Amino acid sequence: MSLPPELRVLCFQLSSTPATDLPRLTPILLRHVLRCQIPLSSSAGNGAKADASASSVLIHKLKTQLSTLLNGKSPEGRFTAVVLIKAVVEVGGWEILQGAESWVRGLLSLFGKPDSPAAKELCIMALTKIYCMTQPYQTLVREITTPTLPAFITSCLNLISPKSSSKAVDVPSSLRETIFRSFCMLLPRHTTIYRPFISQIRQAIRPFLAPTSSDNQFVSQLLKESAQHLAVLLHRTAPKSSGGEEWGKAVRGLVQTVHETADHVFRAVIEDWESTASYSGRAVDVNQPLHGGGNAAEDLLPWTGIHSGVERITGLLELLAEYFKSETSTSVAIPLGSVFDMVTRMLSIAVPLLSAESSNGHGTARLHPAIDRDERDGLWSGMPQIYVAALQVINTIAERIEEAFLSISQGSLDQLAWVFPFGKHSPDFRLNAYKLTAKTLFYVGQSFDRAQVGRLSGIIRSCCRDLQIVDPVLSSLGAVDDPGRKGNGRLEGSNHNADTFLRTTIAVPLKETAKPPVVSEAGELLPLLLSHIPQQCLDLSLRSLVERTAVLTHNKGAMLASILNPFVGKNGKAMTSILPHLTREFGNDDMVEILLRPRLPLLPSASTRSFNEERVKEDSEDEDMDIHTEPGSTEENMPLATTLLQDAATARPGFGPPTDTPDSKHPLPNFAGFGSHEGSLPMPLSMPISAPIPKTNSAPDYLASKNDHADINMDQDEESSGNESVHLTMQLDTDSDSDE
């Protein structure tokens, strides 16, 4: 096979283009590299000698040009070399990796040069890719990874770690994120190499685990997630099999930190919560400004103010959820008791409701009199974030332990039902609440009683409300509001906005938009409200609301669940089924088709019918030969004739033994009683009494006509000889009469 022209073009452009212009041509050069996969990934011995020799020359030339650019003095050339080296390694595989040691050392030397942060990010990506690709090959690991990976870790830590404790390093957030994600990929593969750097890594990621507004730096969500994921993976570097113990120790320490932070943040409230995990809260000086953290070297950064305290608790809960998302190297013991004790505390703070505030000013929470109003308002505004983070911890644990969540699902749902009125105004809270409700109903929903179902009424109504939300602007398209004509054209008051009299609604084309996550989660919960809750425990109003929501939102799963789980009222009458709505909306769906027509008989096609008729015709000819045997051999051949009759009856679907009563006009004789008379032989029980006998001569019809028995050369006088042929003749006569 001839060489691709892109390989020659690639070598020509690298040699003829100035280094300062190469970044502009990088997309074109990358496209050329991707089209050279065959020569780059093939060994020199494959293919024809001429092509192999030309390919080896061009590939060697390409490697030399990339090495020259990588070690050159031009920053633009080094940038292009890093991009192309990563692409060549990915395309070439083992054939390129075995000679990539010089490239690895050249990439490591780039960290000490004054290149741009973007070039260093690409360099980290290229080295991470090379280290990951060498993992399956132990020889390459010994030659490339083991000697150079410590230098790579040290160089990355030097980029993000301060030279001194008094001066912070101004590093782009994207560069930190790239380094953390690189460590997350390499640490599980090379735990022993990363073990000496654990203390430095902990110090580097500590400011980004649970950042607050008091840190005087902006931390993006991606940077925080990458730092949290790296912090969870550090337990894998523990020696021998102590990784599980390190994981459990870290989780228990994190739960303790959340409690200590909550002691300060919740000081404006007199808590009714009592610990079930032997935690005793510490006394907090309410006369001092609100602050926390930074008491020890291994603690997180200090924070001040109620808003920073809420952010710290939220970040710690997110870090705790990350511990359950990531896989562990060994089996671990989850301290569920202490974790759910802490989550219960987070969900036990009642935010004052609007109605309660208007009546008594504070709602259901007992407030500390020494705390000012500003701190209390800051706590009320931040509690929905704490609710969401706590529910995320429960949902993550439920996804991780699966069936083991059964033991704590009921308590989790009870706590959710209690706190739901205080956080339902937050879409994120409702999203996580619907997830937890769906998981709980899946495990224990069928065992609920009327009181437990009644506590879920708020969640059910909120779920239906989220699905029925309609934009008020789009709900009255084409309508014209004319409030000025109300009241016989006179204004009822003096204070009116004149613009409201000119308001008209203009029809605009509707565009299908993506559903918000809370709406999608509510749609998944809706069918479970009908299929996993005892319907006799559900109020009629809630059942009607759920069914109406299912019809209006075209939720097929909920409509099917409603039909399969009918509602019976107290008077014993069933609620009207929504099957017509399901049929109208999903008439072409297979599930609806099975529900509408579950037991129709099989109707064979014309080709199947002709095939069955030919089979019956062949069986009839064989049967005709058996019937014309000698009288002495009739009894011996009776089982064979019975088998043929059964085959002829069952050859065509729908013509087996009847399940209803025989025709009153031509009643069939009772062969069981007939066989008990003296002078007659018993009838075989395996012979079908109503099997139709086909014509012995070729007949076009499947069923035998009334003259079929005339073709059999037997008369009644000869059949009274005492053998059992009389039973067969009577059967034939009866069937012929019944066919009339």
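**Entry 1: ring pairs.** I am working with a predicted model. I looked up the aromatic pairs and got a count of 11. I took Y131 and F152 to begin with. Their ring centres are 5.7 Å apart, and their planes meet at 65 degrees, so I noted the pair as edge-to-face; the cut-off for that is over 60. Y131 sits in helix α8 (residues 117–133), while F152 sits in helix α9 (residues 138–160). The two are 21 residues apart, and the pair links distant parts of the chain. Y131 has 0% relative accessibility, so I logged Y131 as buried. F152 also comes out at 0%, so F152 is buried.

**Entry 2: another pair.** Next I checked F180 and F208. Their ring centres lie 6.1 Å apart with planes at 55 degrees, so this pair is tilted. F180 belongs to helix α10 (residues 173–186). F208 is in the loop between α12 (198–205) and α13 (221–233).

**Entry 3: the largest pocket.** I then turned to the largest pocket, with a volume of about 1100 Å³. I found 35 residues lining the largest pocket. G253, L254, T257, E298 and D299 are the closest to its centre. Which helix gives the largest share of the lining? I found α14, with 11 residues. Elements that each supply at least two lining residues include α12, α13, β1 (291–292) and α15 (306–325). By class, I listed 15 nonpolar, 10 polar and 10 charged residues in the lining.

Conventions: Residues numbered from 1 in each chain as written. Predicted model: local features only at pLDDT ≥ 70, side-chain atom pairs only at ≥ 80, totals over all residues. Heavy atoms only, no water. Phe/Tyr/Trp six-rings, centres within 6.5 Å; stacked < 30°, edge-to-face > 60°. Helix = DSSP H or I, 4+ residues; strand = E, 2+ residues; numbered from the N terminus. Buried < 20%, exposed > 50% of the residue type's maximum accessible area, 1.4 Å probe, protein only. 1 Å grid on protein atoms, 1.4 Å probe; cavity = no way out; pocket = protein on both sides within 12 Å on 5 of 7 lines; lining within 4 Å. Points joined across faces, edges and corners; volume = space filled by probe spheres on them. Nonpolar A, V, L, I, M, F, W, Y, C, P; charged D, E, K, R; others polar.
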